[in-house]
Amino acid sequence: MTHPRVSELALYAGGDGGRFPRWRIARHVRKCGACRAEVTAHRTALDSLRESLSAVPPGVNWDRLAEEMTGNIRVGLAAGECVGDFPVRRRTPLLHWNIAASVGMLALLFIAAFLINLPAPQSRRIADTFRRLVGAQTSAPISSISSLPGAVLEASPRQIELRSNGTALSVVPANPSDVTVSVSLQGSASARVVDGDTGQVTISRVYYAQ
Amino acid sequence: MRSKLFAAAVGVLLLPGVAVQAGVLPRIDFPPDSPVAVLSSDPTGTAESPRGGAVMVDLHDALTLRNSGQRRICGVTLMVIAQDISAGGKASVTVPSLNVAPGEAFPVRVDLRLLRPVQTANGVVQITLDGILFDDLTFYGPDRLGSRHALTVYELEARRDRKYFRNLLEAGGPERLKREMLTAMARAADRSGVAVQMVRGPSTNYEAEHELQFSFVQLPDAPVEPDEGRVRVAANEARGPRLSIRNRSDRAVRSVEIGWIVQDRQGREFLAESLPADLNLAPGQRREITQDATLRFPREIAVAGMTGYVSSVEFTDGHVWIPSRAALADPRLEKALAPSPEQDRLMQIYRRKGLNALVEELKRF
């Protein structure tokens, strides 16, 4: 018969060890008197140890001990605040400010890039509008041309025409020799004809978008 | 019964719109309180035709309008909007030098050509009223195209020129009037029209450019004085004109229009453009006008000089100033300036109907 080791019997006596070792030792202990006596001795020693630990040592005042421990913890926290970042502060609000500042800087960058790349007349117009809004007198030169990017305005005795993106708007006089054409830098071309029969004057114009 | 059927059949055949595609017919839309009413609209000749990858719309509308107000009409401007077809472009038809009494009718012809890509959906062309000028120089209309100023200038020029020719008639009789008409017609025949293109922004012509100073025709009675002007010139192009203007009158000026005469290296002169600007110029104040535009003339015209003159001024109280006939007698202006619409009309009457018809016409106003 093979007996379990003493350490295994000690674990069994305390209710420790794995499920299978405990089943194997319990089976052995039922048959073996010597091992059963060993287990009983271990259990008796454990009971006496628990009994001795449950009693408060003489001369120890637990209430006083608890107050001292609380005091020591507070002193430790205060000392930690003096020498370092303790308790750890929440960093999230600081992070929010950083994001806001970054977005603001990016917005400024975009506005600056937009204004730098804006054609001069448009930027002057924006500046004039802003000055008018704040009630200041506009001092910039006046530019009154209207805009239709890519458009060409043409005036000739043959026709007046506005061309833009594959579309065209034109006036074609019946008799080019009797027409008077002109261009206005504000963005229009005109053709003037006099009706031979009625003498009525008709002035046709084509405009940039206004 | 048979005659009714025949009349209906003839009516259908004579309907002007039958041969015209309904999609291209203009929509006439006058305000309900308009002092002119549309008596008839004849779009005969309006048609669509394919042109390569595009569609060309020839738009014609012979309108008959009636003065339904209480005052005489001196001029009218109709606005034509073809938003979907012409990439935001607008057109207008102005008839100045009218003398239409209340209840009378008068014709206005709209003739436009629109070119649009095939893919573009059929856009509606709308004809609406932009403004009417009455004989007391009051104005009716939305004035989206600056018609009030233009019609007022035309009417003041018409009154000035009729007065000038009436004075000639009274002082020297029909012979004096005839001589003046013949001189004016000869001058008009000598004047050559020139094609010009205007594009906004910088030019694509990379020839070396130089700055050219404007010279000005000083008109002693003009309320504003242009004292300095520059333009950048490269071969047949003139770019970014800048003018400095001072208000020498005792009234605030709302807008100024500067006429612009171009001289080429052969000494020929062309009245090319006008440079209008909204200024809001207080008495004594000076301002600079600039335009971010490039003017391109035919290749054979090498720009060698620029002459400017004040062609009209509008004060903030609505009054308009135009140059007198005496001021326009300056040789530089006389040579290059086109006659006013009214003088054009009077010359046409003389050419077509003779001196007596012209004398009668001058007495009519």
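**The second largest pocket**

Guide: This is a predicted model, and in it the residues lining the second largest pocket divide into nine nonpolar, seven polar and five charged.

Visitor: What volume does the second largest pocket have?

Guide: The volume of the second largest pocket is about 590 Å³.

Visitor: And which residues lie nearest its centre?

Guide: The second largest pocket has a lining of 21 residues, and those nearest its centre are A:Ala174, A:Val193, A:Asp195, B:Arg109 and B:Asp111. As for secondary structure, two or more lining residues come from each of strand S5 (188-194) and strand S6 (201-207) of chain A, and likewise from strand S7 (105-117) and helix H5 (341-353) of chain B.

Visitor: Which of those gives the most to the lining?

Guide: That is S7(B), which gives four residues to the lining of the second largest pocket.

Visitor: OK, switching to helices. At what angle do H1 and H2 of chain A cross?

Guide: Helix H1 (residues 6-13) and helix H2 (residues 19-31) of chain A have axes that cross at roughly 100° and come within 10 Å of each other. Because angles of 65 to 115 degrees count as roughly perpendicular, H1(A) and H2(A) are described as roughly perpendicular to each other.

Visitor: Which residues make the contact?

Guide: From H1(A) the contact uses A:Glu8, A:Leu9 and A:Tyr12, while H2(A) brings A:Arg22, A:Arg24, A:Ile25, A:Ala26 and A:Val29. Sorted by type, the residues of this contact of H1(A) with H2(A) are five nonpolar and three charged, with no polar ones.

Visitor: Now chain B. How many helices and strands does it have?

Guide: Chain B has six helices and 19 strands. It has 365 residues, of which 52% count as buried, and among the chain B contacts with a separation of 6 or more, 69% are between residues 24 or more positions apart.

Visitor: Is B:Ser244 buried or exposed?

Guide: B:Ser244, which sits in strand S13 (residues 237-247) of chain B, has a relative accessible area of 10%, and it is therefore buried, since the cut-off for buried is under 20%. Leaving aside residues up to four places away in sequence, B:Ser244 touches B:Glu225, B:Pro226, B:Asp227, B:Glu228, B:Arg286, B:Arg287 and B:Glu288.

Visitor: And where is B:Glu257?

Guide: B:Glu257 is in strand S14 (residues 253-264) of chain B. With residues up to four places away in sequence left out, the residues it touches include B:His149, B:Pro276 and B:Tyr309. B:Glu257 and B:Tyr309 are 52 residues apart in sequence, yet their C-alpha atoms are 8.7 Å apart in space.

How values were computed:
Residues are numbered from 1 along each chain as its sequence is written. Chains are lettered from A and ligands numbered from 1 in the order in which they are written. This is a predicted model: local features need pLDDT of at least 70, side-chain atom pairs count only at pLDDT 80 or more; totals for chains, interfaces and linings use all residues. Side-chain values use heavy atoms; hydrogens and water are left out. Axes are lines fitted to C-alpha atoms, for helices over the stretch in contact, and angles run from 0 to 180 degrees between N-to-C directions. Angles under 35 degrees count as roughly parallel, over 145 as roughly antiparallel, 65 to 115 as roughly perpendicular and the rest as oblique. Contact means heavy atoms within 4.5 Å. Ala, Val, Leu, Ile, Met, Phe, Trp, Tyr, Cys and Pro count as nonpolar, Asp, Glu, Lys and Arg as charged, and the others, Gly among them, as polar. On a 1 Å grid over the protein atoms alone, a cavity is a set of points where a 1.4 Å probe fits but cannot get out, and a pocket is an open set with protein on both sides within 12 Å along at least five of seven lines; lining residues have an atom within 4 Å of a point. Grid points are joined across faces, edges and corners, and a volume is the space filled by probe spheres set on the points. Buried means under 20% relative accessible area, exposed over 50%, partly exposed in between (1.4 Å probe, protein chains only).
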